[in-house]
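Please look at the sequence and the model before reading on.

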Amino acid sequence: TRTTPPSLHSYLRRIAANSIQCAAEAEALLANAERVKAITPLCVGVCATSASFALLTPRLIDALNVGNSVTTMTELYLFCPLVSVLSAAVADLALEETKGF
């Protein structure tokens, strides 16, 4: 029995199909990277703003006259660092999503 080798046209179709699949996978990776690129500056801005507001917390406590309420003072002192840490965690999760591929 004699087998005929695949034609050149068949090879070219396989190459084209593999190239299209590779381009689609690359596009998905780039889309993930673009999302990280978009969310990171927002997270940095939120962290910087929270750090700035943390410096104003003593003045805020004086203005609100909550000097006797330890619970309220503690919540006010911990709010800005909490927001900053959560924003940094979101940025890290976005980065890990890109590294996952």
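In which helix does S87 lie? S87 belongs to helix α2, which covers residues 70-99; helices (H or I, at least four residues) are DSSP runs numbered from the N terminus. The model is predicted: local features need pLDDT of at least 70, side-chain atom pairs count only at pLDDT 80 or more, and totals for chains, interfaces and linings use all residues. Residues are numbered from 1 along each chain as its sequence is written, and side-chain values use heavy atoms, with hydrogens and water left out.

**Helix α1**
- Helix α1 consists of 57 residues and spans 81 Å from its first C-alpha to its last, close to the expected 84 Å (the expected span is 1.5 Å times one less than the number of residues).
- At L56, shortly before the proline P58, α1 has a kink of about 45°; this bend is the angle between axes fitted to the seven residues ending there and the seven starting there.
- After α1 comes N65, which has a positive phi, near 55°.

**Burial and packing**
- Among the buried residues of α1 are N32, V36, C43 and C47; buried means under 20% relative accessible area, exposed over 50% and partly exposed in between, with a 1.4 Å probe and protein chains only.
- These buried residues of α1 pack against α2, where contact means heavy atoms within 4.5 Å.
- V44, which is found in α1 (residues 8-64), counts as exposed because its relative accessibility is 53%.
- The C-alpha atoms of V44 and A88 are 7.5 Å apart, although 44 residues separate the two along the chain.

**The surroundings of S87**
- S87 counts as buried because its relative accessibility is 8%.
- Apart from neighbours within four places in sequence, S87 is in contact with C43, V46 and C47.
- The side chain of S87 also reaches the backbone oxygen of C43 at 2.9 Å.

**Cysteines**
- A disulfide is a covalent bond between the sulfur atoms of two cysteines.
- The structure contains zero disulfides, a disulfide being a pair of cysteine sulfur atoms within 2.5 Å.
- The closest cysteine sulfur to that of C43 belongs to C47 and is 6.7 Å away, which is too far for a bond.
- C80 is likewise in no disulfide, and its nearest cysteine sulfur, that of C47, lies 12 Å away.
- C43 is buried, with a relative accessible area of 6%, and C80 is buried, with a value of 10%.

Notes:
Helices (H or I, at least four residues) and strands (E, at least two) are DSSP runs, numbered from the N terminus. A polar contact is a pair of N or O atoms within 3.5 Å; within protein, one must be able to donate a hydrogen and the other to accept it, and residues adjacent in sequence count only if both atoms are side-chain atoms.
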